[in-house]
Amino acid sequence: MIIFWRLILAHLLTDFTLQTNFIAKWKRETVWGCIAHSLVFMISAGILCYEYLTATWVTIGPNIIIYGWMAILFLTIFHFFEDQWRIWTIQKLDSPDSFPFFLWDQFIHVIFIFVLFPQNGGLFPEKWVLLLILFILTTHFTTIFIYYFEKGIYGQAQIPLGRKYISMTARLVIAMTLLLPGKWALSFIVIFLADEIYHRLTNKQEFTRVNWMIGNLLAVIFGLIARYVYY
């Protein structure tokens, strides 16, 4: 599943790390924004899967062969139409841009990738791919996850810019310390407590307790999963 995890990494880069506020706004305003966003996926996937672009990924019957570059092109088209459908349903059908809708959208993207990846390699990702996926999940993905989660609870949510990056860094450090050998992995507790002390001493009120708890919980979960795969 080497290619599968590389494609997942390309998707996470596209939908989270490389999707700036400008691109997210551009997508909602014009189809060209969605095209540009989809091309980011195509370029990311092409770079990450460069050595497999001319290999056979999927065979349908005796005569239909889908090569790597073709599969990435199909995935790019699917990515475009999935995003356009989501935007259209929100703007034209008045569907709520909700937490379940966010999860469903991500699920559809992963399903498309699952259908078009070749059955090669082992079950787990390469270590460098794992570390990059861990980085995105604990930083940008968790930030957006919490945003939609809070929006579902409180009806609205915001991401204060300054504290946002402090929280992302704290979560990443917690997750990464869980990759340390032996009992050193328990040092994540020190980071966890330091973040709590900072939160209390500075009396920062930008984030709710739900935000703080879910963010750190996801950091621990992602870190433990990565530790299991890494070792």
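In this structure, which is a predicted model, helix α1 passes helix α6 in a left-handed crossing.

**Packing of α1 and α6**
- Helix α1 spans residues 2–17 and helix α6 spans residues 127–154.
- Their axes lie 10 Å apart and form an angle of about 30°.
- Because angles under 35 degrees count as roughly parallel, α1 and α6 are described as roughly parallel to each other.
- From α1, the contact involves Trp 5, Arg 6, Ile 8, Leu 9, Leu 12, Leu 13, Phe 16 and Thr 17.
- From α6, the residues that meet them are Trp 128, Val 129, Leu 132, Ile 133, Ile 136, Leu 137, His 140, Phe 141 and Ile 144.
- By class, this contact of α1 with α6 comprises 14 nonpolar, two polar and one charged residues.

**Hairpin of β1 and β2**
- Strand β1 (residues 56–60) and strand β2 (residues 64–67) run antiparallel and are joined by four bridges.
- Opposite Val 58 stands Ile 66, a residue of β2.
- Three residues lie between the strands of the hairpin, in which Gly 61 takes a positive phi near 70°.

**Ile 77 in α4**
- Ile 77 belongs to helix α4, which covers residues 68–91.
- With a relative accessible area of 35%, Ile 77 is partly exposed.
- Ile 77 and Gly 215 are separated by 138 residues in sequence, and their C-alpha atoms are 33 Å apart in space.

How values were computed
Residues are numbered from 1 along each chain as its sequence is written. This is a predicted model: local features need pLDDT of at least 70, side-chain atom pairs count only at pLDDT 80 or more; totals for chains, interfaces and linings use all residues. Side-chain values use heavy atoms; hydrogens and water are left out. Axes are lines fitted to C-alpha atoms, for helices over the stretch in contact, and angles run from 0 to 180 degrees between N-to-C directions. Helices (H or I, at least four residues) and strands (E, at least two) are DSSP runs, numbered from the N terminus. Angles under 35 degrees count as roughly parallel, over 145 as roughly antiparallel, 65 to 115 as roughly perpendicular and the rest as oblique. A crossing is left-handed if the near helix is turned anticlockwise from the far one by less than a right angle, and right-handed if clockwise. Contact means heavy atoms within 4.5 Å. Ala, Val, Leu, Ile, Met, Phe, Trp, Tyr, Cys and Pro count as nonpolar, Asp, Glu, Lys and Arg as charged, and the others, Gly among them, as polar. Two strands pair if DSSP finds at least two bridges between them. Buried means under 20% relative accessible area, exposed over 50%, partly exposed in between (1.4 Å probe, protein chains only).
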